[in-house]
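This report describes the strands, helices and chain contacts of one structure. The sequence and the structure are shown first.

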Amino acid sequence: MSEKVPGTSPLGMPLLTVENLSVTYRQDGAPVRAVDGVSFAIEPGEVLALVGESGSGKSSVALALARLLPPMASVSGRVMLSEADLLDAPEATLRAIRGGTIAYVFQDPAASLNPVLTIGEQLVEMLTRHTPLRGRDAERAAVEWLGRMGIASAAERLHAYPHEFSGGMQQRVCLAMALCASPSLLVADEPTTALDVTVQVAILRLLRELQRRLGLAVLLISHDLLVVERLAHRIGIMAGGRLVELGPAEQVLRRPAHDQTKLLLRARAAMTLRR
Amino acid sequence: MAKNRLTVCGGVVLLLLALVAGAAPWLSPHDPLQVNLPDALLPPSAAYPLGTDQLGRDVLSRLLYGTRISLLIGFIAVGIAVVIGTGIGAIAGFYGGWVDAILMRFVDTMLSIPTIFLLLSIIAVLGPSIQVVMAVIGLTSWMGVARLVRAELLSLKEREFVLAARVLGASPVRLITRHLLPNAMAPVVVSATLGVGGAILTESVLSYLGLGVQPPTPSWGNILNEGRIALGVAWWLTVSPGVCILMTVLAFNLLGEGLRERYK
C-alpha cells in the first residue's frame with residue numbers, strides 16, 4: 001500500500017519523507033512493536049492527517065520524527081528532511097530543528113506549559129532560541145504572536161501564568177510558541193482532544209487559517225475523523241502500528257478501502273447521530 | 001490555625017534575631033572583646049545585664065556579636081549545601097541510569113560516615129576557622145537536598161511541559177535550570193530552612209569542642225564552651241548561650257515545618 005505514496009500532489013520536492021519507519025519499545029518483557037514499516041511524505045503547505053484508534057502508533061510516529069522518544073524505544077527507517085536523515089543527525093542539529101523547522105503542539109495545553117514561568121517568559125525563550133530577536137524586540141514579537149492567536153489585550157497577558165488562562169487560551173499560547181519561530185512543519189498531536197467542543201471548533205478554525213496564511217505543512221494526529229475532515233488534504237489511517245490506508249481526504253472519507261477506515265467512519269456516523 | 005501561629009512565631013523570632021545581628025554594635029552595652037579582670041564572673045546586674053565571664057567581658061555583648069557569627073555560619077553553610085545538593089541531585093535525577101546510580105551511591109557513602117567524625121577529621125587537617133567551619137558543615141550536609149532534588153526531578157521530567165520544552169529545542173542545561181529546578185524549589189526551601197537550624201547547632205557543637213570559631217571571636221558555641229569551666233559558680237555563662245541556641249533552632253524548625261505544611 002505504501003511503496004509509492006498515492007495522492008502525492010504535484011508540488012515537487014516533499015518537505016519531509018518518512019521511509020519504512022519502525023518503533024519498538026523494549027521494557028523488561030518482550031519487545032513491543034508500536035510502529036511497523038510506516039512510509040509517507042508531506043509536501044510544503046500540505047495538511048496530512050494520521051488517524052487511528054488509541055494504541056495504533058500515531059503518536060509514536062509523531063515523536064519519532066524528531067527523535068523525541070525515550071531511550072527504551074528503538075527506531076529504524078529513515079526520516080528525511082531536505083536531504084538530511086533526522087534519525088542519524090547529531091543531537092545539536094536536532095535541537096535546532098525541534099521548534100525551528102518542526103514544531104509540536106500537544107493534546108493537553110495545561111500540561112505543556114511550565115507552571116512557574118509566565119506566558120511571556122516562555123514565548124520569549126522560544127524566540128530567543130530560534131530567532132535573532134532579543135530582549136524588547138522578542139517581547140514585542142511575543143505580544144504580536146499572542147494577538148495573532150486571538151488573545152485579547154496580549155501585552156497585559158504576557159505577565160500572566162498558565163493557570164490564569166482557560167484551556168482554549170492555553171492552547172492558543174502553545175500554538176503561538178510553536179509557530180513563532182516560523183517552522184515549516186507543525187506536528188499537532190491531538191491538539192483539540194482535551195478541549196471543550198466549542199473551543200475545539202475555534203482552535204481548528206484558527207489552525208486552518210494559520211496553515212493557509214503561513215503556507216504551513218501540518219501533520220495532524222487524531223483519533224477523530226470529525227476533527228480531521230475540516231483540515232486535512234490527505235488522510236492516513238493507522239491500525240496496529242501500520243499505515244493501512246493513505247489517500248486524498250475525499251477519497252478516504254467517501255470510498256474507504258480498508259476495514260479500519262470503515263470502522264472509524266461508522267464511529268463518526270454514530271457520533272453525528274448522537275448529536 | 002495554631003500551627004499557623006507557631007510558624008509566624010518562628011518567623012518573628014528569626015526576624016528579631018536578624019535585626020539584633022545587624023544592630024549588634026549599637027545594642028551592645030560593652031565591647032565584646034574588652035577584657036576587664038576586676039569585673040570577672042559578676043552575676044547579672046544593671047551594668048552587665050547577663051553578667052560577665054572569667055575575663056570580665058560582658059556576656060550580653062558577646063552574645064549579640066555571637067548572633068552574627070552563628071547566623072552567618074548557618075546561612076552560608078546551608079547555601080553551600082543547597083548548591084552542591086541541587087547540582088548533584090539535578091544531574092542524577094535528570095540523566096538517570098548509571099549517572100544516577102553512581103551519584104546516589106556517593107550520597108549513600110557520605111551518609112554512612114558519622115558526620116561528627118567527618119567534621120572533626122577535616123577540621124583537624126585544615127585547622128579551625130570560621131571559613132573552614134562554614135565550608136565543612138556545607139560539605140557534610142548536602143545529601144538530603146540532593147535526594148530531594150533528585151526525587152522531584154524524577155517525577156517532574158515525566159511531565160508533559162518538559163517534553164514540550166524539549167520538543168521546542170531546549171538543551172539539557174536549559175531544561176534543568178529553567179524548566180525543572182524552578183518547579184522543584186519548594187521542598188528545597190523547606191529543607192534549607194530546617195537545615196539552617198541544624199547548621200547552627202553543628203557550629204555550636206564544634207565550637208563547644210574547641211574546633212569551631214576560635215576565641216576571642218564570640219560564637220554561641222564557644223561562649224558555652226568557656227562557661228563550662230565555671231559552670232558551678234557562674235550559671236549565666238552557660239544558660240544564656242544555651243537559651244539562644246535553643247530559641248533559634250526551634251524558630252527555624254517551626255518556620256520550616258510551617259512552610260512544609262503550606263507547600264504540601
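## The four-stranded sheet of chain A

In chain A, four strands form an open sheet in the order β2-β1-β4-β5, with antiparallel pairing. Strands here are DSSP runs (E, at least two residues) and helices likewise (H or I, at least four), numbered from the N terminus; two strands pair if DSSP finds at least two bridges between them. At the edges stand β2 (32–42) and β5 (84–85) of chain A, each of which pairs on one side only. Strand β1 (residues 16–25) of chain A joins β2(A) in the antiparallel sense over seven bridges, and L21(A) stands opposite V38(A) in β2(A).

Helix α1 (residues 58–65) of chain A packs on this sheet and touches β1, β2 and β4 (73–81) of chain A. Its direction makes about 65° with that of β2(A). Contact means that the C-beta atoms of two residues, placed from the backbone, lie within 7 Å. Angles run from 0 to 180 degrees between N-to-C directions, and axes are lines fitted to C-alpha atoms, for helices over the stretch in contact.

## Basis of the model

The model is predicted: local features need pLDDT of at least 70 and side-chain atom pairs count only at pLDDT 80 or more, while totals for chains, interfaces and linings use all residues. Residues are numbered from 1 along each chain as its sequence is written, and chains are lettered from A and ligands numbered from 1 in the order in which they are written.

## The six-stranded sheet of chain A

A further open sheet in chain A has six strands in the order β6-β7-β8-β3-β9-β10, with mixed pairing. Because β6 (102–105) and β10 (242–248) of chain A each have a single partner strand, one side of each is left without a neighbour in the sheet. From one strand to the next, the twist averages 15°. Helix α7 (residues 167–179) of chain A lies across β6 and β7 (185–189) of chain A, at about 170° to β6(A).

Strand β3 (residues 47–52) of chain A pairs in the parallel sense with strand β9 (residues 234–239) of chain A over five bridges. Within this pairing, G52(A) stands opposite M238(A), and L48(A) has R234(A) as its bridge partner. β3(A) also pairs in the parallel sense, over five bridges, with strand β8 (residues 217–222) of chain A, where A49(A) stands opposite L220(A).

Six of the six residues of β3(A) are buried, that is, 20 or more other C-beta atoms lie within 10 Å of their own, with C-beta atoms placed from the backbone. V47(A), A49(A) and V51(A) point one way from the strand, and L48(A), L50(A) and G52(A) point the other way. In a regular strand the side chains alternate between the two faces of the sheet.

## Helix α7 of chain B

Helix α7 of chain B covers residues 143–156, and its end C-alpha atoms are 20 Å apart. Among the buried residues of α7(B) are M143(B), L148(B), R150(B) and E152(B). The buried residues of α7(B) pack against α3 (59–95), α4 (97–112) and α9 of chain B.

## Contact between the chains

Between the chains, 14 residues of chain B are in contact with 21 residues of chain A. On the chain B side, α8 (160–167) and α9 (172–208) each supply at least two residues, and α8(B) gives the most, with seven.

Notes:
A residue is buried if 20 or more other C-beta atoms lie within 10 Å of its own, exposed if 12 or fewer, and partly exposed in between; C-beta atoms are placed from the backbone. The expected span of a helix is 1.5 Å times one less than its number of residues.
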